[in-house]
Amino acid sequence: MTATLPERPAAASAPPAPPPARRRIRRSPLTWYRGGGLANLLFVLPMLFVFFFFSWSPIVQSVIMSLQKTNMIVSEWVGFDNYVAVMSDPELGRAVVNTVYFALLALLFGFPLPLFVAVLMSEVRRGKGLYSALAYLPVVIPPVVAVLLWKFFYSADPSGVFNTVLGWFGIPPQPWIQSTVQAMPSLVIEATWAAAGGSIIIYLAALLSVPPELYDAAEVDGAGIWRKVWHVTLPQLRGILFIMLILQVIATAQVFLEPFLFTGGGPAGATKTILLYIYDKAFRNSLGGDYGEATAVSVLLAIVLAVLSWLYFKLTNRWSTS
């Protein structure tokens, strides 16, 4: 009978050696120079100069001008008196209300319409290029020409273009931009028509990035076109939708051309927006207005838009990227 020797316990495997610590390279002006830092700086310097001169320099000058009482000829340092004066001006409050009203109408009609048209155009099998060109055509027309053309269409006479069309259906003539109630919606309709083409092209390009198999799976489950849009298209495009939304809010807050050319802020101040208020402050007479107060309103508008944009991205960042 042979004795069995007890097995020797296996030696515990040694933990892997930690990777050697990377030696931290100390940066110095000499290493920066040897690494091509000076050449890179000389390459970027002209672009930095142009960017500062045309972007940041006007901003700094505007802030300085907002603290002065000036008509571009005589200047007097007044500190924050310009801000106090414009904040207590009731016309500014009405301009803010009109601008918010315009922005809400534009978001209600102008934001979903381009997406709706883009989805319909994406379902078209033939002639998609022609439809894209027709949708983008209003963007090609010069804005001043488009506004003056629509102003002719908005004629309150019974023989006006739009009133003639309404007469075909038995609807009486409308005052359009001559009415304090209808003036702002009329401006929103024209602004939506003029700006929708660019948004449609962006949405059409974004729709190409949606995987086709998602639509195939939804179709197998029996989903119609609207359920596919709600459950597939919108979730896939939410990043683009959030960017387009904040861009439209900024654009509508700075609307100027339509109220200036259509109504000049009338009738009875019903379409006077913030930028038109700034224009009146700066150029209300031939000798020059109060550029200090006008610039103060501009600075306040820039601060409000910057804060709203920051809050918007802060609150929607997780949802728009998840």
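Predicted model: local features only at pLDDT ≥ 70, side-chain atom pairs only at ≥ 80, totals over all residues.
Colleague: Which helix gives the largest share of the nonpolar patch on the surface?

Modeller: The patch includes Trp32, Leu38 and Leu48, and its residues together have about 860 Å² of accessible area.

Colleague: Is Leu41 buried, partly exposed or exposed?

Modeller: Leu41 belongs to the nonpolar patch and lies in helix H2. Buried means under 20% relative accessible area and exposed means over 50%. With a relative accessible area of 38%, Leu41 is therefore partly exposed.

Colleague: How many residues apart are Phe256 and Tyr279, which form an aromatic pair?

Modeller: The whole structure holds 20 aromatic pairs, and one of them is the tilted pair of Phe256 and Tyr279, at 5.5 Å centre to centre with 50 degrees between the planes. Phe256 lies in the loop between helix H12 (238–253) and helix H13 (257–262), whereas Tyr279 is in helix H14 (residues 274–283). The pair thus links distant parts of the chain, and the separation is 23 residues.

Colleague: What separates Tyr279 and Phe283 in helix H14, in terms of helical turns?

Modeller: Tyr279 and Phe283 also form a tilted aromatic pair, with 5.2 Å centre to centre and 45 degrees between the planes. Tyr279 is partly exposed at 29%, and Phe283 is partly exposed at 46% relative accessibility. Because Tyr279 and Phe283 are four residues apart in helix H14, the separation is about one helical turn.

Note on methods
Residues numbered from 1 in each chain as written. Heavy atoms only, no water. Patch = residues over 30% accessible without salt bridge, like charges linked within 9 Å, V, L, I, M, F, W, Y side chains within 5 Å. Areas by Shrake-Rupley, 256 points an atom, 1.4 Å probe, with all protein chains shown as cover. Salt bridge = Lys/Arg side-chain N within 4 Å of Asp/Glu carboxyl O. Helix = DSSP H or I, 4+ residues; strand = E, 2+ residues; numbered from the N terminus. Buried < 20%, exposed > 50% of the residue type's maximum accessible area, 1.4 Å probe, protein only. Phe/Tyr/Trp six-rings, centres within 6.5 Å; stacked < 30°, edge-to-face > 60°.
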